[in-house]
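Let's take a look at how two parts of one protein chain meet. Here is the model to keep in view while you read.

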Protein chains: 2
Amino acid sequence: MTEPFSFTLKTTDGAARRGEFVTPHGSVQTPAFMPVGTQGTVKGLTPEQVRDTGAEILLGNTYHLMLRPTAERVAELGGLHRFMNWPRPILTDSGGFQVMSLSQLRKLDEQGVTFKSHLDGAMFHLTPERAIEIQALLGADISMQLDECLRLPVERAEMERAMALSLRWAERSKKAFEDRARPGAALFGIVQGGDDMSLRAQSARELVEIGFQGYAIGGLAVGEPQAVMLKVVEETTPSLPADRPRYLMGVGTPDDLVEAVARGVDMFDCVMPTRNGRHGVAFTRFGALNLKNARYADDATPLDPDSPHPLARAYSRAYLHHLVKAGEMLGAILLSAINVAYYQTLMAGMRAAIEQGRFADFRDATKKSWAAGLAAGLQQGNSTDGAASLEP
Amino acid sequence: MTEPFSFTLKTTDGAARRGEFVTPHGSVQTPAFMPVGTQGTVKGLTPEQVRDTGAEILLGNTYHLMLRPTAERVAELGGLHRFMNWPRPILTDSGGFQVMSLSQLRKLDEQGVTFKSHLDGAMFHLTPERAIEIQALLGADISMQLDECLRLPVERAEMERAMALSLRWAERSKKAFEDRARPGAALFGIVQGGDDMSLRAQSARELVEIGFQGYAIGGLAVGEPQAVMLKVVEETTPSLPADRPRYLMGVGTPDDLVEAVARGVDMFDCVMPTRNGRHGVAFTRFGALNLKNARYADDATPLDPDSPHPLARAYSRAYLHHLVKAGEMLGAILLSAINVAYYQTLMAGMRAAIEQGRFADFRDATKKSWAAGLAAGLQQGNSTDGAASLEP
């Protein structure tokens, strides 16, 4: 388990890619979905339960962990893998996104960003160098550069400024990473530029010149329509080297994942499966089911009798409805596990389809299955259709 | 798994008893601790996690289940075992205790009790016959008679009235149970009489005359000092037949369990391990540890490196502290599981000690271990010493 980071593209089917990357904590099959472990835990699930969903890699949030328990404390306690009892790969974000969305009184300049903790008002300073240092203290297998992420829509001049700043921070991040990276760890750059394709192209080109072990597409799933997001993805992936993994940050719904894989994306993270699970929504072959709905009160059918995941077969819709209505933790727990497992099943299905050259068929069949659930009225009362919600 | 209820007393050591009871859903080794599944779930734990603690039997709350999802609905969905995916024995209480402690506007008369649901204000009527019917609909392996439970201290006349009413309800409960019990299920009577030993003796004597498959001691752990509770237990158990299990309801702390087993009790239930787990307190060999305490922030030691339960060995005190401070569900989940497992370990230790005729030594060693934890400052900042807190 001490191999350095590497990525192998195994095969393609149209723009869809089937690959594998190796990290010091093990390998990951792509396309891959990373459950989010914001505060050192995937909300509501033990590491064993996360593993049982089929997940091979988690995302950890630098912003949350730097505030509490602090990166230095995690390092003293043996690093994030040991701290949270997850011996497999971990990718950490840079903290930039949460600084923008969660903290108060932030001041951004060339050097970095100063912000007030949302927990206790303490002041923090985050620079590209400090973001890399924190991620090294956490022991990330994959670190992300610090970038500036804007909400859409935004003026082009502002978008260009943020994109250019993110490029300068990319260069500083790489230098800092070379100075103190953990053996075998990887650093990814982040393409910015909003919905302006010339800015995206420039960002991708200059990042590739700097050179990273992987490339993320950032600044999406921040309120724009799905069509805009997919257009940016579709026009950005061709600018990225085929032999490096591509990571679409903070995305998304099951449909977003299928469509982004169709456009050449290899990696995803999103809080949707766990957050929706805590709010009584189950992701299934039949689409997203709102278990709060009274139609499930007497439904003795398992959530999905044909799911490969035991939890989706073991509990009736009526029981899950009861747990959700009663506000019982177990409802949130079971639905979080079932949802992460559904995401993993979806990714595994896409991987197999790409290998066998039938990705287009898989995409059609998956959408037909969701549509059938909608036609059967199973999705009645849902509130989670449409684009991915914002983190966290 | 269709054997009728039976109890075998295997051996004794002083007043402590080692036994086994068989139910239609499997057998249970005694002395036994039953985790509480109030609303059809042991709070925060999957049935697999409950089983992994070593628990062999759960308690279900008639009051909560009759309000939501209703006993009729549980019956239509195949019974409580299937509903909650727990194929092992279940004991249900009669609902009486929660009616007294949770509902509003209750009116009690000879016939039964009328009360207003704490959920939505709907009116319900609970009689001895209806309590038996509900428990049969739920599919309980062991049902409890409806009784009237008073808080201590209380006037003797009032205590006598409630005790006598509970005896008349015991008789009606038995008749109702004989009319419609599920095959192989058992009915337990409940000794009342507060802290008045002549009333307790009368209650026990008359219950035994009616004849039940087991006898509970009710009306304790309702605010009285531990010494009072233990005195009542000590003077009541000799009045109960040796060949029937004895169940001390709603008790208690680990120390309560050891002292009650020493006085001849076979069965317990209590929300303490799960409720305290949700509040950041861990029950261990070292006593009760309050993980919120800052002293654990940098403590890389597992909660209990020598625990037989994997979860107590897998996570550091620092990590548990972090989860509790961050308000993460996983803190409540892990501590609930660890606490129920500690209770089960304690019961298993008592069972082995009784078998080997060394119960007194086990009791001493257990108390010394708790005292050593206290001396080492591990229990600093605790709020859970003393008598068991009230349900639920």
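Start with the polar side of things: between domain 1 of chain A and domain 2 of chain A there are 9 residue pairs in polar contact, with both partners at pLDDT 80 or more. That pLDDT cut-off matters here since you're looking at a predicted model.

Which elements give two or more residues to the side of domain 1 of chain A that touches domain 2 of chain A? They are the strands and helices in this table:

| Element of chain A | Residues |
|---|---|
| β1 | 6-13 |
| β2 | 16-23 |
| β3 | 26-30 |
| β4 | 32-34 |
| α1 | 47-52 |
| α10 | 254-261 |

Of these, α10(A) supplies the largest share of that side, with 6 residues. And what kinds of residues make up this side of domain 1 of chain A? They split into 13 nonpolar, 10 polar and 8 charged.

Charges get their say too: 4 salt bridges are found across the interface of the two domains of chain A. As for Lys367(A), it pairs up with Asp255(A) in a salt bridge whose closest N and O atoms are 2.6 Å apart.

Now zoom out. The domain assignment of chain A puts domain 1 at 6-269 and domain 2 at 276-375, and the C-alpha centres of these two domains lie 27 Å apart. In the contact count, 31 residues of domain 1 of chain A meet 24 residues of domain 2 of chain A. Together the two domains of chain A bury about 2300 Å² between them, and 70% of that is on carbon and sulfur atoms.

Methods: Residues are numbered from 1 along each chain as its sequence is written. Chains are lettered from A and ligands numbered from 1 in the order in which they are written. This is a predicted model: local features need pLDDT of at least 70, side-chain atom pairs count only at pLDDT 80 or more; totals for chains, interfaces and linings use all residues. Side-chain values use heavy atoms; hydrogens and water are left out. Domain bounds come from an automatic or database domain assignment. Contact means heavy atoms within 4.5 Å. Buried area is the accessible area (1.4 Å probe) that two parts lose on being put together, summed over both. A salt bridge is a side-chain nitrogen of Lys or Arg within 4 Å of a carboxyl oxygen of Asp or Glu. A polar contact is a pair of N or O atoms within 3.5 Å; within protein, one must be able to donate a hydrogen and the other to accept it, and residues adjacent in sequence count only if both atoms are side-chain atoms. Helices (H or I, at least four residues) and strands (E, at least two) are DSSP runs, numbered from the N terminus. Ala, Val, Leu, Ile, Met, Phe, Trp, Tyr, Cys and Pro count as nonpolar, Asp, Glu, Lys and Arg as charged, and the others, Gly among them, as polar.
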